[in-house]
Amino acid sequence: MCFILKKFAGLQGKTLSPQIPKTTFADDAEISAWAKDAVYLFQRCRLVAGVGDGKFAPKRPVKRAEATVLLVGYLRQTGQLPPKANLVNPAQDIDDKLLSSMLTELAIEYPGLIRVSSAGTSCEGRDIPMVKFGKGSRYLYTEANIHAKEHQTTNFVMEVLDEYAYAYETTGTYDGYNIRALLQKYTMVILPRVNPDGANIAQKGFDAAKNPAALRAMIGANQGASQWKSNARGVDLNRNFPCYWAPVGTGPANKEYGGPYAASEPETKAVVAAMNRYQYDYFLDIHMAGNAIYFCNTGIDNAFYAASKAFAQRLCNKTGLKLAYSKDVKSDHTAAAYARDRFRHPALTVELTASTVFPHNSGKFYTEIWPYVKDLYLEAMSYQ
Ligand SMILES: [Zn+2]
């Protein structure tokens, strides 16, 4: 089937652009020599994945679902079928499995615009996905769900991907912004879920974690798993960054323990590596409670403070969030404080909603979150 489709593409004068490197199948020797080029072309376009265990099994009958992925994917990738709208439903809890399938679908739907890779692996071995979205040479770096119980921040960035990508490929505009021009100037680097183990705890309870008894011992009386902020080792990742790090808290807890030393946690290391790889122009760390944008630390020089404040004020004007500043950089140890100190570009902590009572209800996404902040990144990319 790959062979026939490749021939057909040639007849149509269509060229496919590979999105991922070639992975040689374990049973490569069984694939006929005349079909190999075609099989690996579609593998690199993410339209052929084999049967599992790294095998392709060329002699088996093709399943209906595989044929659909191949044919529909071919039409989409060659611009003969418009993208599907609403691949993401953010009005529900998004667990790891759902997040992974949404990301795969988006990457297939928007080849060349959305690229999914991995930023690292969590304590319990979960993937920390990383998305590159856009075609520009400037970077807008953003991350969500570093705090476990704030897992609707993942829903927010996923809805952003879904809505912005569809607009980019269809009308080219969104809410009056020239989204196509903005995403040709910028690439968004998105970590949609920095703390996947924590999100799993907050969504599914302690028994869904590897060591439920240890977690129960870390949390205060009468507090359920839905109040969890830390990672699966009881470290509050947003107090673990290597920025004038000093101990916070006395030991593993559901929140506010900074870890045994700076960047002790694999999730923190993944963020630090991503930031250093894509040295951002703007950084937005997405949180969930307090209706505010924290723009800078005290103890930072006046010029940088003023520049950060002006940028944040613009986003506050657009979203209705309140302007706030953080405590002294030498007592902070957050992702944003690290970013400011290291790169000297605006780095904001954005608290999306007013409610500080958890758990938040994902079902209220479209009434309580989205209408206010949907243009957040477009306004940021329009700033300069
Ligand atoms: Zn938070």
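Reader: Where does Leu47 sit among the secondary-structure elements?

Author: Helices are DSSP runs of H or I with at least four residues, and strands are E runs of at least two, numbered from the N terminus. Here, Leu47 lies in the loop between helix H2 (33-44) and helix H3 (64-77). One caution: this is a predicted model, where local features need pLDDT of at least 70, side-chain atom pairs count only at pLDDT 80 or more, and totals for chains, interfaces and linings use all residues. Residues are numbered from 1 along each chain as its sequence is written.

Reader: Is Leu47 buried or exposed?

Author: A residue is buried if 20 or more other C-beta atoms, placed from the backbone, lie within 10 Å of its own, exposed if 12 or fewer, and partly exposed in between. Leu47 counts as buried because it has 23 C-beta neighbours inside 10 Å.

Reader: And which residues does Leu47 touch?

Author: Contact means C-beta atoms, placed from the backbone, within 7 Å. Leaving out residues up to four places away in sequence, Leu47 touches Phe42, Val69, Leu70, Gly73 and Tyr74.

Reader: What about Ala263, which loop holds that one?

Author: Ala263 is in the loop between helix H8 (212-218) and helix H9 (266-277). Ala263 is buried too, because 20 C-beta neighbours fall inside 10 Å. Its contacts, again skipping residues up to four places away, include Phe241, Pro242 and Val272.

Reader: How much of the whole chain is buried?

Author: Buried residues make up 43% of the 384 residues in the protein chain.

Notes. Two residues are in contact if their C-beta atoms, placed from the backbone, lie within 7 Å.
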